[in-house]
Amino acid sequence: MAKTTRRNSLALFALSPLAAWGLGDESGKAPAPRQHWMQISPREQIRRRYFPDILLLTQDRREVRLYQDLVKDKVMLINFMYTSCDRVCPRVTQNLAKVQRLLGPRMGNDIFFYSFTLDPTHDTPEVLKDYAKAHGVGPGWSFLTGPAGQMEMLRKRLGFTDPDPELDKDRESHIGNVRYGNEARLLWGACPGMSRAEFIVESLSWIDWPKGQKPA
């Protein structure tokens with residue numbers, strides 16, 4: 001497990017609008033000219049590159065749109081997991097449950113957690129709900145599933161991949177990082193999911209809204 005943690009800690013990167021230049025839009029069409037991207041705001045570049053507004057289901061079978069409902073104007077923490085994982089997933093989920101408790105009433109009001117399944121065929125909303133309950137998940141933390149192709153596309157868009165193609169194909173060796181961000185402020189970061197809970201809370205505070213500046 002220590003080897004996995006070291007590998008994960010090297011896989012961090014920021015969501016940068018520069019990464020969008022020369023890439024296709026969320027529909028997967030051919031890349032747009034660099035001049036075209038320079039005419040689009042950095043926030044919109046990031047949205048198009050990383051957050052296609054796909055339809056997902058929560059553990060409560062609520063339909064949500066990735067960008068409009070989950071990401072836009074929010075401070076959030078994101079990870080990928082699957083319920084039958086017996087290695088890094090339960091440990092990261094337990095650690096994030098500690099973070100959730102430390103955040104207290106801010107969860108679901110100021111800060112949101114999103115856990116996307118790597119195994120949508122098995123992880124139905126009902127399975128995800130049982131998993132969330134078993135880990136003491138409270139308000140503000142959504143476990144999400146959707147069509148397999150879209151979940152895989154999202155995993156790659158958000159950078160939860162391994163540079164080694166063979167390791168990347170092995171679901172049991174998936175990246176155990178969490179990504180956190182403030183979408184409106186264009187502030188993003190990442191850290192290993194097994195970082196100390198207090199450190200993750202502190203990391204979230206770095207990208208949080210200054211007092212009195214949260215959007216309406």
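Visitor: Let's start in strand 2: which residue there is the bridge partner of Leu55?
Guide: The bridge partner of Leu55 in strand 2 is Arg65. Keep in mind that this model is predicted.

Visitor: What makes strand 1 and strand 2 a pair?
Guide: Pairing needs at least two bridges; strand 1 (residues 55–58) and strand 2 share three bridges, so they count as paired. Their sense is antiparallel.

Visitor: In what order do the seven strands form their sheet?
Guide: The order is 2-1-5-4-3-6-7, in an open sheet with mixed pairing.

Visitor: Why do strand 2 and strand 7 stand at the edges?
Guide: Strand 2 (63–65) and strand 7 (187–192) each have a single partner strand, so one side of each has no neighbour in the sheet. Across this sheet, neighbouring strands are turned against each other by 30 degrees on average, direction ignored.

Visitor: Now to strand 3: why is Asn79 called buried?
Guide: Asn79, found in strand 3 (residues 75–81), has 2% relative accessibility. The limit for buried is under 20%, so Asn79 qualifies. Beyond its sequence neighbours, Asn79 is in contact with residues including Val92, Leu96, Phe116 and Phe160.

Visitor: What joins the side chains of Asn79 and Ser115?
Guide: A polar contact of 2.6 Å joins them, and the cut-off for such a contact is 3.5 Å.

Visitor: How many aromatic pairs does a search of the whole structure find?
Guide: The search finds seven. In one of them, Tyr131 and Phe143 have ring centres 5.9 Å apart and planes at 70 degrees. Centres must lie within 6.5 Å, and planes over 60 degrees apart count as edge-to-face, so this pair is edge-to-face. Tyr131 in helix 6 (residues 125–134) and Phe143 in strand 5 (residues 141–145) are twelve residues apart.

Visitor: Why is the pair of Phe199 and Trp206 given its name?
Guide: Their ring centres are 6.0 Å apart and their planes stand at 85 degrees, so the pair is edge-to-face. Phe199, at 29% relative accessibility, counts as partly exposed, since that range runs between 20% and 50%.

Visitor: How do you know that the charged end of Arg171 sits over the ring of Tyr82?
Guide: The charged end of Arg171 is 4.8 Å from the ring centre of Tyr82, and the distance limit is 6 Å. Arg47 likewise lies over the face of Tyr67, at 5.6 Å from the ring centre.

Methods. Residues are numbered from 1 along each chain as its sequence is written. This is a predicted model: local features need pLDDT of at least 70, side-chain atom pairs count only at pLDDT 80 or more; totals for chains, interfaces and linings use all residues. Side-chain values use heavy atoms; hydrogens and water are left out. Rings of Phe, Tyr and Trp (its six-membered ring) pair if their centres lie within 6.5 Å; planes under 30 degrees apart count as stacked, over 60 as edge-to-face and the rest as tilted. Helices (H or I, at least four residues) and strands (E, at least two) are DSSP runs, numbered from the N terminus. Buried means under 20% relative accessible area, exposed over 50%, partly exposed in between (1.4 Å probe, protein chains only). A charge sits over a ring if NZ of Lys or CZ of Arg is within 6 Å of the ring centre and within 35 degrees of the ring normal. Axes are lines fitted to C-alpha atoms, for helices over the stretch in contact, and angles run from 0 to 180 degrees between N-to-C directions. A polar contact is a pair of N or O atoms within 3.5 Å; within protein, one must be able to donate a hydrogen and the other to accept it, and residues adjacent in sequence count only if both atoms are side-chain atoms. Contact means heavy atoms within 4.5 Å. Lists of a residue's contacts leave out its neighbours within four places in sequence.
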